[in-house]
Amino acid sequence: MNLQSMTGFARAVAEHDGTSIAWEVKSVNGKSVEVRLRLPQGFERLEPVVRQTLQKRFARGNFQATLTIGRAAGAQAQPIVNEAFLKDLAGLAKRLQEQFGVAPATADGLLSLRGVLDVAETIETEKVRAVLDTAIIGALDAALNDLEQARQGEGAALALLLSGHIDTIETLTLRAEADPSRDTAAIRERIAEQVRLLMDASANLDASRLHMEAAFLATKADIREEIDRLKTHVASGRTLLVGGGAVGRKLDFLAQEFNRESNTLCSKSNAAAVTAIGLELKAVVDQFREQVQNLE
């Protein structure tokens, strides 16, 4: 399965028996599938099936779907004018004007009076309605296909970006592992120098005790476990990216683990070079996690 971004937009139009159908669907980041619908009056019946369709197609995202329905001129209900009533009202208005000097009546004013103009209600059978609903859902499927392609296109770009961040994390991890400060001889020399300085400062200190304490501190400062875990997380990240699908949450958890190991590496470091590497790691991990927020 391809990776998907949670942002995208699509529009699909169709026509059925003189009725134009248009869907506009857009999505942005979200923790789960949340749907907001804008349906024309009289089409509220479609809301459950539209929600179910979106929830089956996508794993995460905030969606807004708008349906627009247009009727052909021949399909519009024709107005009915009560001409006899209109004639009586026009005559009454003329007499009032002649007798009392009131303003002459206007056509739109007369037509707006109750009983003059009416619109016959069109009766839609269940069969006709069901066929129209099928056409509307078909247009929705077309829009969602395009939306899915748009999200996958952005997802592919994100995958390249995230893969690059993982490569950088691996490079920095290997640099920390190979840093000269982690060499056994260098560690032994550093401990010996520290013990020598302390002994010079006070002759009452126990040399053997100082060596034991220094060795203990050196063990606590070892970053072998952090390096091993970072390597494991790098492999897991690559596996998730290759596997595809809705892996946004898993990659977000992985980003937290990357951040934890980077922090620990910095806190344990007893060399400026390793500390600098740890800070670079933290910056790359922050970029990685920021981009992961856009994935489904």
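Analyst: Let's start with a rule: two strands pair if DSSP finds at least two bridges between them. Helices (H or I, at least four residues) and strands (E, at least two) are DSSP runs, numbered from the N terminus. Keep in mind that this is a predicted model, where local features need pLDDT of at least 70 and side-chain atom pairs count only at pLDDT 80 or more, while totals for chains, interfaces and linings use all residues. Residues are numbered from 1 along each chain as its sequence is written, and side-chain values use heavy atoms, with hydrogens and water left out.

User: OK, how many bridges join β1 to β2?

Analyst: These two strands run antiparallel. One spot to look at is F9, which stands opposite K26 in β2. The number of bridges joining β1 to β2 is 9.

User: Where is D17 found, and is D17 buried or exposed?

Analyst: D17 is in the loop between β1 (8-16) and β2 (19-28). Its phi is near 50°, a positive value in a residue other than glycine. Buried means under 20% relative accessible area, exposed over 50%, and partly exposed in between (1.4 Å probe, protein chains only). With a relative accessible area of 70%, D17 is exposed.

User: On to the aromatics: is the F58 and F63 pair stacked, edge-to-face or tilted?

Analyst: Rings of Phe, Tyr and Trp (its six-membered ring) pair if their centres lie within 6.5 Å; planes under 30 degrees apart count as stacked, over 60 as edge-to-face and the rest as tilted. The structure holds 2 aromatic pairs. In this one the ring centres are 5.0 Å apart and the planes sit at 35°, so the pair is tilted.

User: And how many residues apart in sequence are the parts that F258 and F288 tie together?

Analyst: F258 and F288 pair edge-to-face, at 5.8 Å centre to centre and 90° between the planes. F258 is buried at 0% relative accessible area, and F288 is buried at 0% too. F258 lies in helix α8 (residues 248-268) and F288 in helix α9 (residues 272-292), so the pair ties together parts that are apart in sequence by 30 residues.

User: What about charges: how far apart in sequence are the parts tied together by R175 and E280?

Analyst: A salt bridge is a side-chain nitrogen of Lys or Arg within 4 Å of a carboxyl oxygen of Asp or Glu, and by this rule the count comes to 18. R175 and E280 meet in one of them, at 3.6 Å from N to O. R175 lies in helix α4 (residues 126-178) and E280 in helix α9, so the parts they tie together are apart in sequence by 105 residues.

User: Last one: which residues does the salt-bridge network with R229 join?

Analyst: R229 bridges to E226, with the closest N and O atoms 3.3 Å apart. They are 3 residues apart in helix α7 (residues 224-243), so about one helical turn separates them. E226 is buried at 2% relative accessible area, whereas R229 is partly exposed at 33%. Salt bridges that share partners join into one network E225, E226, R229, E261 and K268.
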